[in-house]
Amino acid sequence: MKQNYQLVLEKTLKALQAEDKRPSLLLHSCCGPCSSYVMEYLAQYFDITIFYYNPNISPAAEFQFRAEEQQRLIREMDLGVSFLLGKYEPERFFSLAKGHEAEPEGGERCFKCYRLRLEEAARAAKAGGFSYFTTTLSISPLKNAAKINEIGEELAEIYHVEHLPSDFKKKNGYKRSIELSHEYDLYRQNYCGCVYSR
């Protein structure tokens, strides 16, 4: 049976409110536009740190520009969100993409890329003592939310840190991210990040 991750998320948030808890969340983000709605939505429930780890992004100048836009958005939205910059390691992405270069977007190469970024987030969440980790990736209509959540749950078992299930595109999340992008005049890139998606 297909899982509705938005409903699972809502149930989790309701339980946190009932317990009167304000846990910490390490939120992996690929860019400012994708993080905009997610920060707005989750800041009422969590102390959020945005983790910008995206070795898939090429060229390096694009990676840097997206990181700067992410930090500008955090400042301007003023939700009390912190920022953690991950290392830029494009060789790790190219290594996992080997043999999958010709695949269309949304295939096995993308799944490996989800895992690379989510695993680094899980590792950082564990090291930083965060209550939860998740990613903004599920806000995109082009991303496979079921696969993202499957990987997240698997990594939660390995790293012993809670994964926050999500499908942020639901309940007009993607639409709201576009509105916020216009409101904050964000750079909206026309490709996911890697040379193959470009």
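In helix H2, the buried residues are Gly-32, Pro-33, Cys-34, Ser-35, Ser-36, Tyr-37, Val-38, Met-39, Tyr-41 and Leu-42. Buried means under 20% relative accessible area, exposed means over 50%, and partly exposed lies in between, with a 1.4 Å probe and protein chains only. That makes H2 mostly covered, with 10 of its 11 residues buried. Helices (H or I, at least four residues) and strands (E, at least two) are DSSP runs, numbered from the N terminus.

A word on the model. It is predicted, local features need pLDDT of at least 70, side-chain atom pairs count only at pLDDT 80 or more, and totals for chains, interfaces and linings use all residues. Residues are numbered from 1 along each chain as its sequence is written, and side-chain values use heavy atoms, leaving out hydrogens and water.

What covers the buried residues of H2? The cover includes helix H1 (5-18), strand S1 (24-28), strand S2 (47-52), H3 and H7. Contact here means heavy atoms within 4.5 Å.

Now the strands. S1 and S2 pair in the parallel sense over five bridges; two strands pair if DSSP finds at least two bridges between them. Ser-24 has Asp-47 in S2 as its bridge partner. S2 also runs parallel to strand S3 (residues 82-85), joined to S3 by four bridges, and Ile-50 stands opposite Phe-83 in S3.

Next, helix H7, residues 173-183. Which of its residues are buried? They are Gly-173, Ser-177, Leu-180 and Ser-181. Seen down the axis of H7, these fall within an arc of 105°, so they line one face of the helix. The arc is taken from the directions from the helix axis to the C-beta atoms. His-182 and Glu-183, on the other side of H7, are exposed. The cover over the buried residues of H7 includes helix H2 (32-42) and helix H3 (60-77).

Just after H7, Asp-185 has a positive phi of about 50°. Gln-189 also lies in the segment after H7. Is Gln-189 buried or exposed? Gln-189 is buried, at a relative accessible area of 17%. Not counting residues up to four places away in sequence, Gln-189 touches Cys-31, Glu-62 and Arg-66.
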